[in-house]
Amino acid sequence: VSQLEADLCFALADPTRILILYALDEQSLNVTELTNALNNSQPTTSRHLKILRERGLVYSERQGATINYHLTDRRLIKALDLLRSVLRDRLAHRASLIEEIE
């Protein structure tokens, strides 16, 4: 179980992969659409999608010549949103400490 958690955390450890997950939460997209949305190169986007696919966070579906990517589980976005909430609270706390020092 710990190894599975570590694999999941590895997939979430890159900002581009997190942005891909948020983009796929809005709609299914192909590599070209993701590349344009994230302003990355196609090889970079493909490499990140491979990692997300291997960890089961996204899946692909062929539609003719196009392969569309989908988010596997919407709870991933809820988890990322919860992490962002924790980060906001931590940043607010740090800001209040700096104000106290000043």
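This is a predicted model: local features need pLDDT of at least 70, side-chain atom pairs count only at pLDDT 80 or more; totals for chains, interfaces and linings use all residues.
For helix pairs I take axes as lines fitted to C-alpha atoms over the stretch in contact, with angles from 0 to 180 degrees between N-to-C directions.

Residues are numbered from 1 along each chain as its sequence is written, and side-chain values use heavy atoms, without hydrogens and water. Helices (H or I, at least four residues) and strands (E, at least two) are DSSP runs, numbered from the N terminus.

**H3 and H4.** I looked up the axes of H3 and H4: they come within 9 Å and cross at roughly 110 degrees. The pair is therefore roughly perpendicular (65 to 115 degrees; under 35 is roughly parallel, over 145 roughly antiparallel, the rest oblique). H3 passes H4 in a right-handed crossing (the near helix is turned clockwise from the far one by less than a right angle; anticlockwise is left-handed).

**The loop between them.** Asn39 lies in the loop between H3 (31–38) and H4 (42–54). I noted its positive phi of about 55 degrees, although Asn39 is not a glycine. Asn39 counts as exposed because its relative accessibility is 70% (exposed is over 50% relative accessible area, buried under 20%, partly exposed in between; 1.4 Å probe, protein chains only).

**H2.** I checked the length of H2 (residues 15–26): its 12 residues should span 16 Å at 1.5 Å a residue, and the end C-alpha atoms are 17 Å apart, which agrees. The expected span is 1.5 Å times one less than the number of residues. Among the buried residues of H2 I listed Thr16, Ile20 and Leu24.

**Sheet.** I found 3 strands in an open sheet, ordered E1-E3-E2, with antiparallel pairing (strands pair if DSSP finds at least two bridges between them). E1 and E2 are the edge strands, each pairing on one side only. E1 (residues 29–30) pairs with E3 (residues 66–71) over 2 bridges, and Leu29 stands opposite Tyr69. E2 (residues 58–63) is joined to E3 by 6 bridges. In E3, His70 is the bridge partner of Tyr59, and Tyr69 is that of Ser60. The hairpin of E2 and E3 has 2 residues between the strands, and Gly64 takes a positive phi near 70 degrees there.
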